[in-house]
Every structure is written in structure tokens, then in C-alpha cells.
Amino acid sequence: MPKTDSPLDWGTRYAGRMAGMKASEIRELLKLLDQPDIISFAGGIPDPALFPQEEIANVYAQICGDRKVFDAAFQYSVSEGDAGLRRWIVGYMAKRGVTCDMDNILITCGSQQGLEFLGRMFLSAGDTALVEAPTYLGALQAFSAMEPVYDTLPTGQSNRTVASYRDNAAAAGGTAKFAYLVPDFANPTGRTLSVAEREELLSFARDLDIPVIEDSPYVALRYDGVDVAMIQALDCAATGSIEASRVISLGSFSKVFTPGLRVGWICAPKAVIAKLTLMKQASDLSSSAINQRVIATLAEARFDRQVAQGVEHYRVKRDAMLAALDTHMPKGVQWTKAEGGLFVWVTLPDHLDATALLQDAIEQARVAYVPGHAFFADGSGRNTLRLSFSLPSVQMIEQGIAKLGALVAQAL
Ligand code: PMP
């Protein structure tokens, strides 16, 4: 075999858009979960104790035990997704106030794939994506591959005009393409938007004439309070039908059942779903037929029961974390009181840097969290951090927050 002198310089061969794709701090931190003496509040992943092992095993066995069902489950399948699963989702969306039919639903490989498709569908390089600050890191990663710029969605206190958004987007060389947000128990803040805030956002999107992407994988996991109407439901009511709505919603089975089967969905007007289906075909032909069948069977048999178990399980942990923060955090530290989901968002006094503190947290206190600035498109938020209560036991939460509180007090 001939030998060449210099190996290929891969870095010079990548497309320009690869420059914006950087390793996520969370993924690096997830490796810490393997060190047994670290109490990790870092990974925002569901507790595997809730994965319905026996039921999943039974459903796979049923499918494999019936030759006809088996053949279909192990075959290529339609890009739109399993018909039975889409029918179940149509019923679920109706309960959430969105009247739609099967042609309004595309099954995706987790809602993460939906984010990637929507970024690719709407954003040309230089276009503007409007996001919350902070927002879901995985969305920033999915969108950033398209080389957009980011602007921050207006909050209650914002006095920015719609024209200022148009001007900013034009100055960046494109137009504002969509508003993206996680309205229920957000990742990373745990915050939920009120109906009034949702209406305000819709009115802003109407004025700017852009679509709204409503990403709500945690919505079923509510521990107190009452459900708030989906933005998509509010818009369908205002416009008369999903076909006239500007909202695209993303759903997921990852937090209720398991992320391992990688099943999520997009609910949108039919014309949008038709385009997305072409993207699905080009991307992976379809989601796994057997995994969709398994999720459909589980959803039909025990969705509400599974949600109830999750709510009971996580509520105790959420309560333990909030109580421990009350007891152990020094004055001047603030945090969100999440009514659901998996996260509490902590704001330290301005002069503290949560990234710098993480090293001491890991080495001295043996506690891990995610520094908040990773969730800001502009890298701000140095004094913030995200805590997840999903994995550690109540006892570990109490111990870990006590250690973190002592560390913060020392740093003040
Ligand atoms: N959106 C948000 C806000 C998330 O937190 C996550 C999971 N971390 C996802 C989407 C992706 O979830 P999945 O692909 O498992 O459905």
C-alpha cells in the first residue's frame, strides 16, 4: 500500500456551517454520572426507575410472537409514522385543546429531530431565530447548524417594538423566521408561561408574521397547580382551525415513558407536515417501526397511569430540592419554584461565576450542575445554574444541596 506524507487535514475540509457546531457542556458533564461519589444535578434525564420494564418486555414479546405483526414491525414503514400511534396522538392533542387529524402529525425520532427539521426548514444562513434567554441548549445546537443569528423573545418587561426585531434581523442579513419556546416547566428554568404571556407572545408573532414553535416535552409532568392552555390550542381557537394556525407544536414520549425508543411528534398544519415528511424521508426514511408500535401499545394501555406514577415520583424530589435550597442557600441566592418538569434554575449574586464555581463544586463538594450560561445564545448568564432533581434520591438531594449551599456561602 502506498503511504502519503501528510494525513488529511479534516478541519479544513468541513463545510463552513460546522464552525458553529461545538460540543455541549452537558454531554461532557454527563460523564460525571459514572463517578459514584458525585451527586449529580447535571443531567436532565428521566429516572430509569420509572421505565416500565415488564410492560415493555411484554409488548416486545407480543409483537415477536405474532408472525404478521412481527413482519410489519421489522419492515421499513411509512415516513409519516405508525397510523395507530398517530391516531392516539390525535386523541391526546384533542384533550389538550388542539383539534387535528392524522395528517397533522409526523412521528419523529424524539422531538430533537423535530427541532433539527424545523431549523433546516425555516432558517437560511443569516436569518434570525427568536428564542428565550435562557433556552433549551439542544434547540440552539439544532438551529445553529443553519448559521442563524439569535434575538431574544420579548418578555413581560420588554419595551422592544416589532420594528426593532425586523431591523435587527435585516441588519444581520436575513429576516426573523420563527419564535421558539418551551412554555411548560421549561428546560432550563422550570418556568411556565401564564395564559396572558402566551396570548402576548401570539400577538407578537402575529405582528411580526412569524410561526411559533411550541416545544413541550414536560407538559404532562405537573406536580401542582392547573394545566395552562397550549399556545397551539389558543391559536386554533383564535383562528378557527389548526390549518389557519401559525403554531407548530412538538411532543415527546421521552419524559413519560422512556427516551430510549426515540419517539416524538410534530403537530402542524397539513402543508407543513407534508414538507416535513419529505425531510423525514431524506433523513432516515422513517422512525423505527417496532419502537413506534411499542410506544403506541404502551400509550393506549397506560399513558395516564404512567404519568401519575411520574408525577408522584418527581413531586417528592422537587419538594426535597426546594426545601433543601430554602434551608441551605445563603441570602442573595434565588431560584425558580418549578410546578412540574425536572429543573430548578438558580440565580447567584451577580459577581459569582457558576462556571468557575463548578470546578470547586466537583472537586471539593463532589456535586455537579450545569452552568447556566450554556443556555444563553449570547453566552451571558454567568451567575446562573441549572439543577435537575430527577435522578438523585431524596437523601442525596438533601446532602448535595447542603454541600452546594456551603460552597456558595464560602464563595460570597
Ligand atoms: N426539547 C426539550 C425542551 C428538551 O428538554 C428535550 C430533552 N432534553 C428535547 C426537546 C428532546 O427530547 P426527545 O428528543 O427525547 O424527545
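A polar contact is a pair of N or O atoms within 3.5 Å; within protein, one must be able to donate a hydrogen and the other to accept it, and residues adjacent in sequence count only if both atoms are side-chain atoms. With that term in place, I turn to the structure.

This is a predicted model, in which local features need pLDDT of at least 70 and side-chain atom pairs count only at pLDDT 80 or more, while totals for chains, interfaces and linings use all residues. Residues are numbered from 1 along each chain as its sequence is written, and side-chain values use heavy atoms, with hydrogens and water left out.

The protein chain is assigned domain 1 (19-51 + 305-411) and domain 2 (53-302); such bounds come from an automatic or database domain assignment. Contact, meaning heavy atoms within 4.5 Å, involves 31 residues from domain 1 and 31 residues from domain 2.

How much area is buried between domain 1 and domain 2? About 2900 Å², with carbon and sulfur atoms giving 61%. Buried area here is the accessible area (1.4 Å probe) that two parts lose on being put together, summed over both. In domain 1, Phe51, Gln306 and Glu339 lose the most area to domain 2, together 22% of what that side buries.

Glu339 also forms a salt bridge with Arg222, their closest N and O atoms lying 2.7 Å apart. A salt bridge requires a side-chain nitrogen of Lys or Arg within 4 Å of a carboxyl oxygen of Asp or Glu. The interface of domain 1 and domain 2 has two salt bridges by this rule, and 15 residue pairs in polar contact, both residues at pLDDT 80 or more.
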